[in-house]
Amino acid sequence: LANPAELLDSGAWRGLAQEFRERFHFIVVDTTPIGAVADYDLIQVVCDGTVMVLRPDHTDRQACMKAIQSVPKEKLLGAVLNRTDDWFLWRLRNYYGD
């Protein structure tokens with residue numbers, strides 16, 4: 001096949017996904033960013049859920065919101081923040097905020 005989208009739109013891909021489903025409890029598929037190319041749409045069709053990976057200083061907020069809206073609600077499992085700086089919830093604080 002000439003391009004990945006053709007492969008992902010084939011019966012061979014759907015058959016492979018079904019075989020994985022029968023052999024394994026969990027399968028994680030790392031895809032291209034949502035909306036960047038057709039690959040994600042073709043992959044998510046055979047997947048049970050989507051976990052978005054976001055990078056706070058890199059991910060465009062509007063693109064992120066558009067991506068969230070494009071994922072079927074029943075498939076959106078959550079998000080992972082990648083490459084974050086120390087976050088206030090990770091720091092131990094006393095009552096006075098020191």
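Student: In which strand does L54 lie?
Tutor: Helices (H or I, at least four residues) and strands (E, at least two) are taken as DSSP runs, numbered from the N terminus. This is a predicted model, in which local features need pLDDT of at least 70 and side-chain atom pairs count only at pLDDT 80 or more, while totals for chains, interfaces and linings use all residues. Residues are numbered from 1 along each chain as its sequence is written, and side-chain values use heavy atoms, with hydrogens and water left out. On that basis, L54 belongs to residues 50–54, which form strand β1.

Student: Is L54 buried or exposed?
Tutor: Buried means under 20% relative accessible area, exposed over 50%, and partly exposed in between (1.4 Å probe, protein chains only). Because its relative accessibility is 15%, L54 counts as buried.

Student: How far apart in space are L54 and L81, C-alpha to C-alpha?
Tutor: L54 touches L81, among other residues (contact means heavy atoms within 4.5 Å), when residues up to four places away in sequence are not counted. Although the two are 27 residues apart in sequence, their C-alpha to C-alpha separation in space is 5.0 Å.

Student: Which residue forms a salt bridge with D48?
Tutor: A salt bridge is a side-chain nitrogen of Lys or Arg within 4 Å of a carboxyl oxygen of Asp or Glu. For D48, the closest N and O atoms of the pair are 2.9 Å apart, and the partner is R21.

Student: Where does R21 lie, given that the pair links distant parts of the chain?
Tutor: D48 sits in the loop between α3 (39–44) and β1, and its partner is 27 residues apart from it. R21 lies in helix α2.
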